[in-house]
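This briefing is meant to be read alongside the sequence and the coordinates.

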Amino acid sequence: MSELFKDSRSENVEKLISELADANLMVRIQAVNTLGTLRDKRAVEPLVELLRSEQSPEAYMSLHFVVRTLGRIGDKKATKPLIEFFSSDQPFVRREVIAEAFGEIGDQEATEILIDSLKASSHWLRQEAAKSLGQIGATRATGQLLQLLKSDEDENTTCVIAITLCQFQDANLLPDLKRFYNSIKRKKDASIIRNIAITAIENFFRDFIQR
C-alpha cells in the first residue's frame, strides 16, 4: 500500500469519525456504514461512545448500524460495551443483531451471555446465539446446545444448533447428531436450512470416518 493511499485512507477515517457527532441522523448513519466497510479499528471507541449516547427513538437506525459495524470491524475491545448494551433495557436494537456481532468479533468473553440467550423466547435470538457460539468456538456450551437440539420445537433453530455442534468436531457428539440427522433426512418438504444442516452433519461424519 502506497504512503499516499495510507494518508488518504487515514484522513478519510478521521473525517468519518468526526461525522459521528453530526447533528444530522442520516449523516451519522452514512458515516457508520462507511466505517463498517473500511473496518478500521480506530473507529471502535468513537462507535462505542455513539452506542452509549444515542438514546432517542429516532436513533434506532443509527444504533442498529453501529452494532453491525462493530461486528464487521471485529475488534474485541467492543465486546464488553456490547455485552452491557445487550444486558440493558434498551428497546432500540434487536438482541439477535447484537448476538450476531458477538460471533463476528469472535471473543470468548461473550460466551456466557450467548449461552443465556439459548433460553430466549425468540427463536431468532436462539438461532443467532447458537450460530455465534459456533463462530466463537465455545465448546463449553455443548451441553446446553445438545439439550436444545433435543427439546426446541423450532426446526430452523435445531438445524442451526446441529451446524454449530458439527463445528466443535467432538466425536462424542456423533450419536446425538446421527439421531437428529435421521429425523430430518426423512422429511420431504423443501428447507434450505435443513439441507445445510444435513450437509454439515454428513461432512462431520465423513471427517471422522477418514481419520
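The notes below go from overall architecture to helix packing and then to individual positions.

The model is a predicted one, and its secondary structure consists of twelve helices and zero strands. The average pLDDT of the protein is 92, and 95% of the residues score at least 70. An exception to be kept in mind is the stretch of residues 1–7, where the pLDDT is below 50 and where the model shows one contact beyond near neighbours in sequence. Where pLDDT is low, the predicted coordinates should not be read in detail.

**Overall architecture**

- Read from the N terminus on, the elements of the protein follow the order α-α-α-α-α-α-α-α-α-α-α-α.
- The C-alpha trace spans about 55 × 45 × 30 Å along its principal axes, and buried residues make up 48% of the 211 residues in the protein.
- Among the contacts with a separation of 6 or more, 65% are accounted for by residues 24 or more positions apart.
- Ala21 and Pro175, which are 154 residues apart along the chain, have their C-alpha atoms separated by 54 Å.

**Helices H5 and H6**

- Helix H5, formed by residues 79–87, packs with helix H6, formed by residues 95–105, at an angle of about 160°, and their axes are 10 Å apart.
- Because an angle over 145 degrees counts as roughly antiparallel, H5 and H6 are roughly antiparallel to each other, and H5 passes H6 in a left-handed crossing.
- On the H5 side the contact involves Thr79, Leu82, Ile83, Phe85, Phe86 and Ser87, and these meet Arg95, Ile98, Ala99, Ala101, Phe102 and Ile105 in H6.
- The residues of this contact of H5 with H6 divide into nine nonpolar, two polar and one charged.

**Helices H6 and H8**

- The axes of H6 and helix H8, the latter covering residues 123–136, come within 8 Å and cross at roughly 10°, which makes H6 roughly parallel to H8.
- From H6, the residues Arg95, Glu96, Ala99, Glu100, Phe102, Gly103 and Glu104 meet Trp124, Leu125, Glu128, Ala129, Ser132, Gln135 and Ile136 in H8.
- The contact of H6 with H8 is made up of six nonpolar, three polar and five charged residues.
- Arg95, Ala99 and Phe102 take part in the contact of H6 with H5, and these residues also take part in the contact of H6 with H8.

**Helices H10 and H11**

- H10 and H11 have axes that come within 11 Å and cross at roughly 140°, and the two helices are therefore oblique to each other.
- The crossing of H10 and H11 is left-handed, with the contact made by Glu155, Thr158, Cys159, Ala162, Leu165 and Cys166 of H10 and by Leu177, Phe180 and Ile184 of H11.
- In the contact of H10 with H11, the residues divide into seven nonpolar, one polar and one charged.

**A buried threonine**

- Thr69 has its place in helix H4, which covers residues 60–73.
- With a relative accessible area of 3%, Thr69 is buried, because buried means a value under 20%.
- Apart from its neighbours within four places in sequence, Thr69 is in contact with Val32, Asn33, Leu35, Gly36 and Leu47.

**Loop positions and positive phi**

- Arg39, a residue other than glycine, has a positive phi, with a value near 55°. Arg39 is found in the loop between helix H2 (25–38) and helix H3 (44–53), where Arg39 counts as partly exposed at 46% relative accessibility.
- Gln169 is not a glycine either, although its phi is positive at about 50°. Gln169 lies in the loop between helix H10 (155–167) and helix H11 (174–185), and with a relative accessible area of 30% Gln169 is partly exposed.
- Ala21 lies in the loop between helix H1 (3–19) and H2, and at 70% relative accessibility Ala21 counts as exposed.

Methods. Residues numbered from 1 in each chain as written. Predicted model: local features only at pLDDT ≥ 70, side-chain atom pairs only at ≥ 80, totals over all residues. Heavy atoms only, no water. pLDDT = per-residue confidence, 0-100. Contact = heavy atoms within 4.5 Å. Axes fitted to C-alpha atoms, helices over the stretch in contact; angles between N-to-C directions. Helix = DSSP H or I, 4+ residues; strand = E, 2+ residues; numbered from the N terminus. Parallel < 35°, antiparallel > 145°, perpendicular 65-115°, else oblique. Left-handed = near helix turned anticlockwise from the far one by under 90°. Nonpolar A, V, L, I, M, F, W, Y, C, P; charged D, E, K, R; others polar. Buried < 20%, exposed > 50% of the residue type's maximum accessible area, 1.4 Å probe, protein only.
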